[in-house]
Amino acid sequence: MPEAAVIIVGAGPSGLAMAGCLCQLSIPYLILEREDCCASLWKKKAYDRLHLHLAKQYCTLPHMEMPADWPKYPSRQQFVQYLDDYADHFNIRPMYRRLVESGSFDESRGKWNVVVRNGESGELEEYSGRFLVVASGETSDAFVPDIDGLSTFIGKVIHSTQYKNGKEFADMKVLVVGSGNSGMEIALDLSNCGAKTSIVVRSPLHMLSREMVNLGLALLKYIPYNMVDSLMVILSKLVYGDLNKYGITRPEGGPFFLKVKYGKYPVVNTGTLDKIKSGEIQVLPKLIGIRGDEVVFEGGKSHPFDAIVFATGFKRSTSKWLKGDDYLLNEDGLPKPSFPNHWKGKNGLYCAGLARKGLYGSALDAQNIANDIKTQL
């Protein structure tokens, strides 16, 4: 049975950060990835126009900065290049097409046994390590809600991970379900490409600009987040005005409070709001059901659509394979302990990049975990 001090599950940004930190401390590891490349979400399942919503200094992985001459908000292609360069720099060589089927702690040996299915051969393989790091990310499995009548819809239905750009949707009536950052930006892209675009905004949300978010992050180093939140709400009202008349309400809690407590990100406006205000993008309430090409909304109104894009987020499948952990991760694959003590479990089990702190959180987790492992070797 192949062994390493540390087994890392997942070769997205969190797994790469973890490997980079272990490499820096000369701790041997192996990294298992179910896809055929690292950072598959960024490489294969992200839309073309995507740029980092936060300034690059908040998105770097440990021990390697992004190039100084890159823009403040790098493109998806640039960030993918950075991740590939990071893997090359630290000689990170994931074992690809390894789907983890079980991970369990062997009390007698004091080690984790991880069983994977080799996607090439179809055979089962077993690996052993003193430490196990779950780094499969918050965004591992695309989620589409169970909607009454969805199977009857006669148009095209995709998840945001399948959306690249709006060219194929020109002149079509397209509904985007989900008003987070992906949903809002996909709606903008569709409208720019000539689609008759509508978006479901079911819940209250905070609308901020990139500059507001980065100002807020800078201020958080010096003043409490409730004061920063008050400033963010004031700035948002000054810049964007009253959004109620457009079908968008603001939540009771401030943007950083909601981010810390519930992992709910504010929406970073990249131009969508202008389109909403001009009527080019229609805001619709909660989706109730579907009948053929007609989509029914809260309040009873219905509208016909040619396509639906579900920007409804992700679930995690860790609970299906991780055995015997009743402390670190819940059924949804997120940490039970609260930040900042969320990354360490029992018997050498850790998780990286699951605290809903974005890329910055992944980097922080990886450094904490690597340093903690070093003290035990």
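The structure holds 18 salt bridges. A salt bridge here is a side-chain nitrogen of Lys or Arg within 4 Å of a carboxyl oxygen of Asp or Glu. This is a predicted model, in which local features need pLDDT of at least 70, side-chain atom pairs count only at pLDDT 80 or more, and totals for chains, interfaces and linings use all residues. Residues are numbered from 1 along each chain as its sequence is written, and side-chain values use heavy atoms, with hydrogens and water left out.

**Salt bridges**

Helices (H or I, at least four residues) and strands (E, at least two) are DSSP runs, numbered from the N terminus.

Lysine 45 is at 28% relative accessibility, so it counts as partly exposed. Arginine 34 counts as partly exposed because its value is 33%.

Arginine 97 lies in the loop between α3 and β3 (98-106), and glutamate 120 in the loop between β4 (111-118) and β5, so the pair ties together parts 23 residues apart in sequence. Arginine 97 is partly exposed, with a relative accessible area of 34%. Glutamate 120 is exposed, at 62%.

Shared partners also build a network: salt bridges join Arg34, Glu35, Lys45 and Asp141 into one.

**Strand β1 and its partners**

Strand β1 (residues 3-9) is mostly covered, with six of its seven residues buried. Two strands pair if DSSP finds at least two bridges between them. Six bridges join β1 to strand β5 (residues 124-134), and these strands run parallel. Four bridges join β1 to strand β2 (residues 29-32), again in parallel.

Valine 6 has a bridge partner in each neighbour: phenylalanine 131 in β5 and tyrosine 29 in β2.

β1, helix α1 (residues 13-24) and β2 make a right-handed β-α-β unit. Right-handed means that, with the strands pointing away from the viewer, the path from the first strand over the helix to the second runs clockwise.

Technical notes
Buried means under 20% relative accessible area, exposed over 50%, partly exposed in between (1.4 Å probe, protein chains only).
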